[in-house]
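Hi there,

I am handing over the structure we talked about, with some notes on what turned up in it. Have a look first, then read on.

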Amino acid sequence: MGFFGRGRGKGKGRKGPRRPSARRGRGRSFRRCRFCADPNLEIDYKNVHMLRTFLTERYKIVSSRQSRVCVWHQRKLNIAIRRARMMALLPFTISNRLPPDVLG
Ligand SMILES: [Zn+2]
């Protein structure tokens, strides 16, 4: 008759399906981000063409899960994209209300 009080009731583990052994692929699953893989590749706010690949067609930033960029580089990308927006190199998100001829 101990009073245990259910100590572990609160912190539920993560829900959802478990992936069956995702790490067994032989070399084919490159999960590294492209900046870590290529040290010559720099994140620069002036390199709009490169930044554009991390933006959706509405110029929203692609999430790191989709772009497969690590957290560290994703943060640098965010800063670079924000800076490019401030310099008017990149637009902010395109709103729906604009008439199509504004978009060019
Ligand atoms: Zn990286």
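Which residues make up the largest nonpolar core? They are Tyr 45, Leu 51, Phe 54, Val 69, Leu 77, Ala 80, Ile 81 and Ala 84, 8 residues in all. H4 gives the largest share of this core, 4 residues. A nonpolar core here is a set of buried Ala, Val, Leu, Ile, Met, Phe, Trp, Tyr and Cys residues joined through C-beta atoms within 7 Å. Buried means 20 or more other C-beta atoms within 10 Å of a residue's own, exposed means 12 or fewer, and partly exposed lies in between, with C-beta atoms placed from the backbone.

Please note that this is a predicted model: local features need pLDDT of at least 70, side-chain atom pairs count only at pLDDT 80 or more, and totals for chains, interfaces and linings use all residues. Residues are numbered from 1 along each chain as its sequence is written.

Buried residues make up 9% of its 104 residues.

Two loop residues may interest you. Tyr 59, between helix H2 (48-52) and helix H3 (64-67), has a positive phi near 65 degrees. Arg 68, between H3 and helix H4 (71-86), has a positive phi of about 60 degrees. Most residues other than glycine have a negative phi. Tyr 59 counts as partly exposed because it has 15 C-beta neighbours inside 10 Å.

Best wishes
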